[in-house]
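Subject: Structure handover

Hello,

Here is the structure you will be working with. Please open it next to this email and follow along.

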Amino acid sequence: MQETVFASIYKEIFPFWEAISDADREYICQNSYHIAYPKGKNIHNGSECSGVIFVRSGSLRLYMMSDEGKDITLYRLHKGDLCMLSASCVLETITFEVLVDAELDSQCCVVDGPAFAAVSKRNPDIRIFALETALSRFSDVMWVMQQILFMSMDKRLAIFLSDESARTGSDTISLTHGQIARYIGSAREVVSRMLKYFAGEGIVEVSRGGVTILDKKRLRELAL
């Protein structure tokens, strides 16, 4: 029964599913499991092959950390997203370490890394899918680097607030100043000062519950 559940999920998310053998499909399902990650849980520390993670609910954050303990958010994964960078044994050419935390209580399906790697060695379609999935995320990483290196703080914050509002479908961003700072690669004090400036200009309203966008037009203009 459990294998049937996994098979129905993988049929939807893996384009190679029908192209591989029955034995390989069964092997992947046998080496899969459901797991619940509580908010704040580190689920991949960058040094192991945790596996291929499919987010069924909740949210995960992928980030890199310096030797001094400073981290940069690369991107976030939400319901329906797939994480390949947590399966380093599948993507052997990727040598940098990525950490993954659950930023909300999250329900995930995980395919054991070594098992997925073993099947991928027999199936070029799986290797191609894994590389394409990882490469698609590098555009997100390059966008983060571009913002940090070349964009002013007000523009970075405006882009984040606009994108988060569009993603959630709400004008209220229910995040602390510290969380926003972590997501855009800045310091909490800097974010707080910039939000105070935005509030003074009537663009947002800042409260204990988060940030509410009052003037979307001006926020979009800042993001351009």
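First, a term. The search runs on a 1 Å grid over the protein atoms alone: a cavity is a set of points where a 1.4 Å probe fits but cannot get out, while a pocket is an open set with protein on both sides within 12 Å along at least five of seven lines. Lining residues have an atom within 4 Å of a point. Rolling a probe the size of a water molecule over the atoms shows where empty space is left.

Next, the ground rules. This is a predicted model, in which local features need pLDDT of at least 70, side-chain atom pairs count only at pLDDT 80 or more, and totals for chains, interfaces and linings use all residues. Residues are numbered from 1 along each chain as its sequence is written, and side-chain values use heavy atoms, with hydrogens and water left out.

**Overall**

The protein has eight helices and 11 strands. Both are DSSP runs, numbered from the N terminus: helices are H or I with at least four residues, strands are E with at least two. The C-alpha trace spans about 65 × 35 × 30 Å along its principal axes. Of the 224 residues, 45% count as buried. Buried means under 20% relative accessible area, exposed means over 50%, and partly exposed is in between (1.4 Å probe, protein chains only).

Which residues lie nearest the centre of the largest pocket? They are R76, W143, V144, F160 and D163, out of 19 lining residues. The volume of the largest pocket is about 470 Å³. Here, grid points are joined across faces, edges and corners, and a volume is the space filled by probe spheres set on the points.

The lining of the largest pocket holds nine nonpolar, three polar and seven charged residues. The classes are simple. Ala, Val, Leu, Ile, Met, Phe, Trp, Tyr, Cys and Pro are nonpolar; Asp, Glu, Lys and Arg are charged; the others, Gly among them, are polar.

The second largest pocket has a volume of about 240 Å³. It is lined by 17 residues, with R76, E164, R167, S174 and L175 nearest its centre. At least two lining residues come from each of β5, α5, β9 (172–173) and α6. The largest share, three residues, is from α5. By class, this lining has four nonpolar, eight polar and five charged residues.

R76 has another contact. It lies over the face of Y183, 4.1 Å from the ring centre. A charge sits over a ring if NZ of Lys or CZ of Arg is within 6 Å of the ring centre and within 35 degrees of the ring normal. The charged end of R61 likewise sits over the ring of Y63, 4.1 Å from its centre.

**Aromatic rings**

How many aromatic pairs does a search of the whole structure find? There are 11. Rings of Phe, Tyr and Trp (its six-membered ring) pair if their centres lie within 6.5 Å; planes under 30 degrees apart are stacked, over 60 edge-to-face, and the rest tilted.

One of the pairs is F14 with F116. It is tilted, at 6.0 Å centre to centre and 50 degrees between the planes. This pair links distant parts of the chain, 102 residues apart: F14 is in the loop between α1 (2–13) and α2 (22–30), and F116 is in helix α3 (residues 113–122). F14 is buried at 1% relative accessible area, and F116 is buried at 0%. Both belong to one aromatic cluster, made up of F6, Y10, F14, F16, W17, F116 and F129.

**Helix α2**

In α2, D24, R25, I28 and C29 are buried. Seen down the helix axis, these buried residues fall within an arc of 135 degrees, so they line one face of α2. The arc is that of the directions from the helix axis to the C-beta atoms. The face turned away from the buried side carries the exposed residues D22 and A23.

- R193 is in helix α7 (residues 188–200). It is exposed, at 56% relative accessibility.
- L82 lies in strand β6 (residues 82–83). It is buried, at 13%.
- T172 is in strand β9. It is partly exposed, at 30%.

Best wishes
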